[in-house]
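Hi,

Here is the structure I promised to pass on. Have a look at it first, then read my notes below.

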Amino acid sequence: MMHVLIAPVFEKALISIHAHNIVPLVFDIPKLIEHGHLSTNIAMTLARHLKRKPADIAQDIINALVFEDDIVESVHIAGAGFINIYAKPTLFHKVIESIRLKGSDYGRTEYGKGKSANVEYVSANPTGKLHLGHGRNAAIGDTIANLLEWAGYKVTREYYFNNAGNQMNMLAKSIFARYRQLCGTPEYPFPEDGYHGDYIKDIAQKAIELYGAEYRDPTEEILFSLRKIGEEWCFSSILHTLKKMKIHQDTFFNEDSLYHDGTIDILLNELKIKGLSYDKDGATWFNFSRIDESLTDRVIVKQTGEPTYRLPDIAYHRNKFERNYDIIVDIFGADHIATIPDVTAALKALDYDTKKLKVLIYQFVTLWENGEQVKMSKRSGKSYTLDELIDEVGPDIVRFFFIMRGAQTQLEFDLNIAREQNDKNPVYYLQYVHARICSMISNAADKELIPNLDAQLHFLTAPAELTLITALSRFEESTLKAAHAMEPQIIAEYLRETASAFHSFYHDCRIIGEEQNISQARINLALITKTVIHNGLAILGISSPEKM
RNA sequence: GCACCCGUAGCUCAACUGGAUAGAGCAUUUGACUACGGAUCAAAAGGUUUGGGGUUCGAAUCCCUACGGGUGCACCA
């Protein structure tokens with residue numbers, strides 16, 4: 001944000017030396033204060049294009065700088081051609097004013113103004129409870145939706161599911177087996193690939209309450225009914241868990257609708273006409289190899305006449321493209337990686353602009369407890385569910401742990417750390433800032449020290465104060481960068497740095513008990529810190545407690 | 001075997017997407033206000049960024065290669 005005040009002056013300088021709009025003008029905040037408050041490598045990036053030495057270009061730029069406001073102390077060339085800028089305190093004070101004006105909107109940008117985005121996440125079929133992998137999916141997806149919203153997009157949060165097909169039939173058969181076992185035939189065989197979780201027994205119990213214990217054979221009718229109550233049970237469990245995680249999705253897209261409204265038939269027909277599909281061995285194949293040599297042809301309609309998952313996947317994505325979103329985001333686990341090239345190639349062959357499609361792949365979660373990995377086996381049904389995890393450590397910690405690492409790295413979820421309510425837990429470090437400030441404000445009020453927004457900010461000159469302001473000034477860049485890169489972890493990292501800057505400031509600089517002017521100025525600084533932490537946590541879907 | 005992701009301090013991870021002396025947290029060691037919440041702060045120590053080549057002013061980042069880990073490669077989803 002500080003660069004917003006500086007950049008125009010540099011732009012003018014670049015124009016005057018005829019080096020404007022050749023490469024983007026980027027400012028960095030140097031790690032070392034010896035390198036100034038802000039720096040730019042513009043002279044170095046220009047060097048190649050202008051075929052001149054970076055240092056010479058830097059000197060020309062500096063000579064052409066004209067600062068009208070009294071915000072810059074000095075400008076120097078350093079290293080291989082960096083231009084380092086030393087700001088006056090007034091620059092920092094302008095930052096405070098600006099953040100205060102934006103308040104709870106500070107961090108929002110107009111990057112995606114007038115554009116729409118669709119973020120699809122969770123998308124678990126109603127065959128069971130959500131597990132930890134879904135949790136990571138949910139946290140990443142919901143946070144990216146938040147980030148895009150903060151970047152100005154109109155966002156649709158979508159859930160895609162399939163309540164038909166083999167998986168659901170297996171669910172019905174599993175329920176029937178448990179039903180018989182509960183109704184006096186404990187030796188009734190359980191399907192080989194059935195769903196083993198205990199929840200199936202709960203559903204069977206419900207079936208007994210609804211239909212009695214009389215059914216002996218898995219007729220089509222009874223399986224249909226069991227499938228229905230199984231679906232309802234699972235969906236209500238999924239929604240309940242998501243709600244606990246503070247996740248609400250706008251659209252629930254049923255795969256079935258693609259068959260009912262003819263989308264699938266139309267697609268099949270079109271593929272045939274365009275030569276993108278062919279019949280072989282009684283099945284219909286997609287001619288992927290024709291559009292991309294690195295791909296292999298795949299069956300899209302089986303011999304049995306049933307489609308494979310690829311066909312509705314393509315149809316569904318086409319449907320999303322037809323809904324005219326500017327960005328379409330999928331959040332997928334690493335196990336779905338194979339479908340992406342196929343779906344993308346198919347859409348491209350159908351003339352859609354696949355640059356709009358962003359598929360975010362996250363790696364798997366491993367759960368650790370007491371230094372040992374907790375095995376999560378779907379078959380045995382002994383998986384630790386997302387619901388249990390939320391009950392144990394709360395939604396804030398669950399959400400934070402799932403986004404605090406980059407999506408492409410395998411996540412080690414350490415239950416012991418998640419459970420600890422102490423300094424080892426990174427979530428408290430952030431929330432503590434908020435609680436601390438709230439507490440301080442109420443203490444100040446007891447001493448009749450009321451926040452005065454017109455306080456003289458020029459009393460803020462201590463290093464810890466300037467470091468904190470610098471951190472706060474970076475929030476907008478961070479939200480933008482995180483939205484652009486679709487990496488929630490950037491926000492987590494940003495908040496940690498900012499929290500650290502605040503705690504240092506709070507330790508070094510007393511607020512209550514100092515001279516009135518200084519107290520007021522520092523209260524203002526604390527207040528905007530509270531705003532930034534609150535906004536940042538809100539993006540992550542995490543609460544900002546006033547007490548802990 | 002082929003494709004994709006990853007390999008950074010003892011452990012878990014960053015690094016503004018090619019920038020200055022690779023940084024945090026935990027663990028270890030040492031210190032801190034009779035005052036605003038010690039769920040805090042300050043400091044020490046810890047590295048040939050898996051190995052080897054290459055690209056350029058400059059590489060953890062890009063390319064090639066070897067090794068190690070994960071995931072996928074169905075007429076399952």
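Below is what turned up, starting with how to read the model.

It's a predicted model, so local features need pLDDT of at least 70 and side-chain atom pairs count only at pLDDT 80 or more, while totals for chains, interfaces and linings use all residues. Residues are numbered from 1 along each chain as its sequence is written, and chains are lettered from A and ligands numbered from 1 in the order in which they are written.

First, the RNA. Around RNA strand B sit 76 residues, counted as near if the C-beta atom, placed from the backbone, lies within 6 Å of the strand. Ser39, Ala338, Gly406, Asp423 and Ser439 are the closest.

Next, the inside. The largest nonpolar core has 147 residues, and Leu148, Ile175 and Leu472 touch the most other members. Such a core is a set of buried Ala, Val, Leu, Ile, Met, Phe, Trp, Tyr and Cys residues joined through C-beta atoms within 7 Å. Buried means 20 or more other C-beta atoms within 10 Å of a residue's own, exposed means 12 or fewer, and partly exposed is in between, with C-beta atoms placed from the backbone.

Finally, Asn425. With 18 other C-beta atoms within 10 Å, Asn425 is partly exposed. Leaving aside neighbours within four places in sequence, Asn425 is in contact with Ile417 and Glu420; contact means C-beta atoms, placed from the backbone, within 7 Å. Asn425 and Phe10 are 415 residues apart in sequence and 43 Å apart in space, C-alpha to C-alpha.

Cheers

How values were computed:
Two residues are in contact if their C-beta atoms, placed from the backbone, lie within 7 Å.
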